[in-house]
Each structure stands twice: as structure tokens, then as C-alpha cells.
2 protein chains.
Amino acid sequence: VTVTANSNSANVYDRSYWISINDEIDAHLKQAIPIRPPLTVFEPMHHLTFDAQQTTAPALCIAACELVGGNRDQAMAAASALRLMHAAAFTHEHIILAGSRARIGHSFGPNIELLTGDGMIPFGLELLATSDDPTQNNSERILRVIIEITQAMGSQGMLDGQYNQVQYGQSDYIDHVCKKKEGRFYACAGAVGAILGGGTEEEIEKLRRYGLHVGLVQGVLSNWFERKEKGSMEKVLNELGNLALKELEGFDQGNVLAISSLVETNFSNA
Amino acid sequence: VTVTANSNSANVYDRSYWISINDEIDAHLKQAIPIRPPLTVFEPMHHLTFDAQQTTAPALCIAACELVGGNRDQAMAAASALRLMHAAAFTHEHIILAGSRARIGHSFGPNIELLTGDGMIPFGLELLATSDDPTQNNSERILRVIIEITQAMGSQGMLDGQYNQVQYGQSDYIDHVCKKKEGRFYACAGAVGAILGGGTEEEIEKLRRYGLHVGLVQGVLSNWFERKEKGSMEKVLNELGNLALKELEGFDQGNVLAISSLVETNFSNA
């Protein structure tokens, strides 16, 4: 296989890579959240999961797993759990922010948003815990992943970032909000994928840092204009992108092509 | 050891048993939730955990573990996780019900209640997952417990009950609300304690059903008067208590004394 320097063809390849991953996660989740009784519970869960703001963190989890030599299936339950966690956080944020700005067009009231979000968190972790295959002897890996995800969603991560967002408003947005929310979430996705794919501790930490910078790029992209930040967004994104790519240096450069395109894709979307 | 039929002395013994368990769970949780930075996050979590409505389900989890021959320590993390799950559900219910009735006297607004509850759920599961001791080779047991707890809190349990409570009001309260909420939660506590204590599948299912009936007793006790139910509460409680005690018949009757007093204690509190 010859890797050409033609950025167009690389882009075509890379986009199809992410699309195929996201399609598989969607299919997995659609099977896991059937519209079944109690309908009053599962119908909102279905809608609020698939209508939530898109995130590429679950796809990053799969890509990290593949980069360290794992199979896509090994990270599918964790990627689905990450989608559910993200949808739960997004749904609950909507309750808090609904007063100032409405971001999703669904017809569920705040009580259903509250209860459904509460259902998504344990359901995501249940999916992950039930993915344990005793014949694979990977219970300890799955427990480690549960710890990673609960920490990223909890008091030192997502929750802290959401609190800062509600409480402090504009100041130090990147450090106090993006780093705790998108940064920590993508970092978790990278680390979790590497853990499940059987990566070394060094690979796990590299992909955690790669995820952190990719997450910060996401946070900046989604908030810069709305928050009217001063300075050049291009410059900040370039710095973060370079920090991200630096973490991929130790890996086989042929295999890195797919996962590294996540940073390029972000730029091209900006 | 002679077991006397003197109900007073039995009561003294049994109360001290539950008090000692609850004290140990409290101590474990106070150590796990220190008031540390970020204070804005941990201070509300500390208060909302310890100010939440009392529940005996975590103590039942420990008692079930001891009944099947396990040590108290083996179920302590799970009992703490159950306390946090219950506090999270209680805190979020307060947001929904605050309009009609205020049940807790704390000064945190709904945004903090929402975010703190969101933090308690993953934190409880994190405590449980980190309790895994690789030298004990019990990862699979802990994963099984995580599945039990996530299911009891999720769409087929607590969430369904809360939804019914908000949606349907009075009708079929015991079946639609108590069974899903208190019933399912206490059933989970009994099963989880038996799993962690190394009980057989038969013992696990007996203690699950024991928990179900104890939970229903709790649900009836806390809602009967407020809901102005018709009929005799005494009669309903007696039936549930007898169903509960029937599940303990197969166990060694000397060891059953402590755990069975949970039903008596409920009656004497009524």
C-alpha cells in the first residue's frame, strides 16, 4: 500500500473510516435500546440518545483500540457506553441551560429529560459490564474501563466542568470548562480504547494525551464564536493539533493515518 | 448460645446489629467523600449524601453477605455504592417534587442538585469497581454486582418507578411505584450481598425475594398515610412481612435472627 501525499484522497479514505465506525456504533446502540416496554421510558431514551449533539469521542475509542492492534468489537461496548454518557450529560445540561438557550428540538419536558438522563448513565455502564466474556478472561480490563469512565464523568471531570460552566461563565473557559468536559472525555475515550485493545501502559497514556488535545480542539470549535473569545482561533487550534499529533509519533506511521485524520477533519470542519 | 424467646432482649441485640452496620457504612463513606477540592463539587456531594432520606437497603446488603458466610468487608463497597445511588435518586426526585412538597432542608438550588446527583451515580460505581482486589480473583463477582445495581437503578427499576410516580399518581401505587423503587432496590441489595458473600444461586435468589418484600414494606410505610390509601395498612404489612420471613426458612435459624429483625424493626417503627 502506497500512502500518497495527496490530501484529497487521504481525506476521502479517512472520512469513510470515521463514517464506518460511527455507523457501527449507531447499529450497536439501536439494537441495545429497542423501543420496547415500558415505552414511556424507552422511547425518550431512544430519542434523547440519537438526537443528542454529535461527539467523535466514541469513534476515537474504537480507533485507539485498532491502533494498538485490537479488534473493533473489543471496544464497541465501551464506545456505546461513551455515547450514552455523553447523551446523558447533554440532556441534563439542556435542563440547566434551557432558560438561556434551547439547543435541541425535542418535545420532552424537564422531568423526562431528568429521569431519562438518569437512566442512560447506569444503562451505559450495564452495557459495558455485560460485555464481559468470561472465556476471554478480560474482567479486570473491563473494571479498569468502568473506573476510567466513571472518573471522567464524575466530580473530577464532566461534573466539575459543567459546574464551572454554570458558575463562572467566561473566564478561563478552556482550562475550567473545555479541559474538564471535552478534554477529559476524549482523553478517557483514547485511554479506554487502548486498554481494551491490549495496548501497553505507554500507549494508553499517549492515546489519553492525544484524546485530551483532540477534545480541547472540539471544545474550542464549539464555543469560540458563541463566547466571543479574543485572539486567533486558528492559532489555538494549530497549537492543540500539533500537541495531539506529537503523541502519535511513537506509533507505526502507516497505522497512524486513520486516527490522526481526526485532527485534520476538525480543522476542515472549522 | 441460647436464643431466648424474650422479644425485648432480641430487639436490643438486633438494633445494635443494624446500628453497628450503619455506623461502619457511614465511616466508609465519610472517608470516601472527603471535603476536598473542588469544594464546589465535594461539599454538596457530602451534604446531599448524608442528608438524604435514610435507607436500610445498604445494611441489608451487608447482613445478606454475613448470612451466607461472607465477611462484612466484602460487601462494604457495594453497600456504600447503594447509599450513593439512593441519595442520587432522592436528590433528583427532590427537583421534580420540589414544586409540590419540600422534603429536605438544604440550601442547594436545583442546578447543584442536578449536577451533584449526576456525580453520585458514577462515583458510587467507581467505589465499587476500585474495590476489586486482583489477588482475590473476584473481578467477575464485582462485574455481576455492577450489572445488578445498574439494572435496579435504570429503566426497569428505579427510573420506571419514578416515572410512574410522576405520571400516574395514585393508582396501583404498590405495583407501579413501590415494587419498582423500594422493592427492586432492596431486592438488589439482598442479592448483591449474597453474591459478594459467596452465596449459592439459590441463596442469592432467596435473599433477592426477601429484599423485595422488605422493600415493599418500606414503600408502604413511607407512602400509606400521605397517599391516603384505603384498607388496613397493618394487614398489608403483615402479609409482606410473612412473605419476607418465608424466604429465610432454608437458612440456619440461629444466623437468621439478625437479618429477620429488619422486618420486625419495620413493624415496631410503624
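Student: How much accessible surface does chain A have, and what share of it belongs to carbon and sulfur atoms?
Tutor: The accessible surface comes to about 11,500 Å², and carbon and sulfur atoms hold 50% of it. Such areas come from the Shrake-Rupley method with a 1.4 Å probe, and for residues only the protein chains shown count as cover. This is a predicted model, in which local features need pLDDT of at least 70 and side-chain atom pairs count only at pLDDT 80 or more, while totals for chains, interfaces and linings use all residues. Residues are numbered from 1 along each chain as its sequence is written, chains are lettered from A and ligands numbered from 1 in the order in which they are written, and side-chain values use heavy atoms, with hydrogens and water left out.

Student: What makes up the secondary structure of chain A?
Tutor: Chain A has 11 helices and zero strands. Helices here are DSSP runs of H or I with at least four residues, strands are runs of E with at least two, and both are numbered from the N terminus.

Student: What makes Trp18(B) count as buried?
Tutor: Its relative accessible area is 6%. Buried means under 20%, exposed over 50%, and partly exposed in between (1.4 Å probe, protein chains only). Trp18(B) is therefore buried, as 6% falls under the cut-off. This residue lies in helix 1 (residues 7-32) of chain B.

Student: Which residues does Trp18(B) touch, leaving out those up to four places away in sequence?
Tutor: They are Ala59(B), Leu60(B), Ala63(B), Ala258(B), Ile259(B), Ser261(B) and Leu262(B). Each is a contact because heavy atoms lie within 4.5 Å. Trp18(B) and Ala258(B) are 240 residues apart in sequence, yet 8.3 Å apart in space, C-alpha to C-alpha.

Student: Why is the pair Lys181(B) and Glu93(B) called a salt bridge?
Tutor: A salt bridge requires a side-chain nitrogen of Lys or Arg within 4 Å of a carboxyl oxygen of Asp or Glu. The N to O distance here is 2.7 Å, so the pair qualifies. Lys181(B) belongs to helix 8 (residues 173-196) of chain B and Glu93(B) to helix 4 (residues 72-97), 88 residues apart, which links distant parts of the chain. Both residues are buried.

Student: Where do Glu205(B) and Arg208(B) lie?
Tutor: Both are in helix 9 of chain B, three residues apart, or about one turn of the helix.

Student: What makes a set of residues a nonpolar core?
Tutor: The members are buried Ala, Val, Leu, Ile, Met, Phe, Trp, Tyr and Cys residues joined through side-chain atoms within 4.5 Å. The largest such core has 144 residues, of which Ile149(A) and Ile149(B) touch the most other members. Apart from it lies another core, of 16 residues, including Ile96(A) and Val41(B). In soluble globular proteins, nonpolar side chains tend to be buried together.
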